[in-house]
Amino acid sequence: MTALSPATVLAGSADRHADTVAVVDGRVRVTYAELWLEARCYGAGLRAAGVRGGDAVALLAPNVVDFPRVYFGALVAGAVAVPVAVPVGPQAVQLAREARLLVCHTSHLAAGRRISVRAGVPLLTVGPGRGPSDVPRLEDLGDVPPGRTGGFADTDLDPAGRTEVDPDDTDVVLGCLPLGGRFGQTVTLTGTFRAGATLVLLGRFTGPAALDLMLREQVTVFHGTSAMYAALLDAARGRDSLPRLRRWVSRAPLPPSLRQRFTSTFDTVVHVAEGERDSSGRPDASTGRWRTARRLRSRRLGCHGERYRRGPGS
């Protein structure tokens, strides 16, 4: 399968699933057509701020709808999106030093200003509320004329080769893992958008909040870690109703005791998606395509046999 820029993936889903809700963030619901337009506008804003093809754009944002807006906006601008992990770690300044500029969500503005000063890169804000008057807002910088495709005209892209851990276009995926992480980018964000499914974001994970959100939004696919599965199991105690999802996916195998208790309580099996080799999950700066194909191994816990698929870079 031909390697595709993640921006092309979003463009394809915007063409095929224009009116489908792409992202749910609290009360905010954004369709694929709206998200693609917003990404192109943000891309134009980044170009107006001096970003050029091959540049890196550092992004500091939690799991909110502005993350995919800026992430794909950077790709539309021909840049490489470089998420800075939330919470901010010691590598944040080094990542920002290699970028043309830093885009910071207003909820993390204090950390963003520190990183900007230490790395010596310009700072832009994005998100609700206005930051200090000396910090430009990305929303104010760019616009896209009607009919512009942002350079991705070939949107006839049919996601093929899906395995049992991949969503389809009827799924509602709960995104709890940080979108700035490797798994969050390649599996949750790009995988969901490639399928034309709906991504429901939860900024701060707790077991009760996740279960409530699953029931309210009729979630069908969950991506999480062992700690998240343990928290969900604890939160399930004493509840009258529990969500019945089509797919439960863990980033790594669950401990046997946790697996047994979870599968019994939720009457399900848990699939595992394991990266066989490390990959940055970022596109090549010169081509906008994924540098390497990342193979994911998926299997149902407690079952023999394995299935393999190519990751988003294949």
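Four bridges join strand β5 (residues 101–105) to strand β6, and the two strands run parallel. Within this pairing, histidine 105 has valine 126 of β6 as its bridge partner. The model described here is a predicted one.

**The four-stranded sheet**

Strands β5 and β6 belong to an open sheet of four strands, arranged in the order β4-β3-β5-β6 with parallel pairing. Its edge strands are β4 (80–83) and β6 (123–126), each of which pairs on one side only. On average, neighbouring strands of the sheet are turned by 25° against each other, direction ignored. Helix α3 (residues 66–76) packs on this sheet and touches β3 (56–60), β4, β5 and β6. The direction of helix α3 makes about 145° with that of β4. In general, the strands of a sheet pair through backbone hydrogen bonds, either parallel or antiparallel.

**A further strand pair**

Strand β9 (residues 221–224) pairs with strand β10 (residues 247–250) in the parallel sense, over four bridges. The chain passes from β9 through helix α8 (residues 226–235) to β10, and this β-α-β crossover is right-handed.

**Aromatic rings**

A pair of aromatic rings is described by the distance of the centres and the angle of the planes. The model contains eleven aromatic pairs; two of them are set out below.

| Ring pair | Distance of centres | Angle of planes | Arrangement |
|---|---|---|---|
| Phenylalanine 222 and tyrosine 229 | 5.4 Å | 80° | edge-to-face |
| Phenylalanine 262 and phenylalanine 266 | 4.3 Å | 20° | stacked |

Why does the pair of phenylalanine 222 and tyrosine 229 count as edge-to-face? The planes of these two rings stand at 80°, and an angle over 60 degrees is assigned to that class. Phenylalanine 222 is buried, with a relative accessible area of 0%, and tyrosine 229 is likewise buried at 0%.

The rings of phenylalanine 262 and phenylalanine 266 have planes at 20°, so this pair is stacked, the limit for stacking being under 30 degrees. Both residues lie in helix α9 (residues 256–266); because they are four residues apart, about one helical turn separates them. Phenylalanine 262 counts as buried at 0% relative accessibility, and phenylalanine 266 is buried with a relative accessible area of 1%.

Which residues do ring pairs link into a cluster? The cluster consists of Tyr32, Phe67, Tyr71, Phe72 and Phe193.

Key:
Residues are numbered from 1 along each chain as its sequence is written. This is a predicted model: local features need pLDDT of at least 70, side-chain atom pairs count only at pLDDT 80 or more; totals for chains, interfaces and linings use all residues. Side-chain values use heavy atoms; hydrogens and water are left out. Two strands pair if DSSP finds at least two bridges between them. A crossover is right-handed if, with the strands pointing away from the viewer, the path from the first strand over the helix to the second runs clockwise. Axes are lines fitted to C-alpha atoms, for helices over the stretch in contact, and angles run from 0 to 180 degrees between N-to-C directions. Contact means heavy atoms within 4.5 Å. Rings of Phe, Tyr and Trp (its six-membered ring) pair if their centres lie within 6.5 Å; planes under 30 degrees apart count as stacked, over 60 as edge-to-face and the rest as tilted. Buried means under 20% relative accessible area, exposed over 50%, partly exposed in between (1.4 Å probe, protein chains only).
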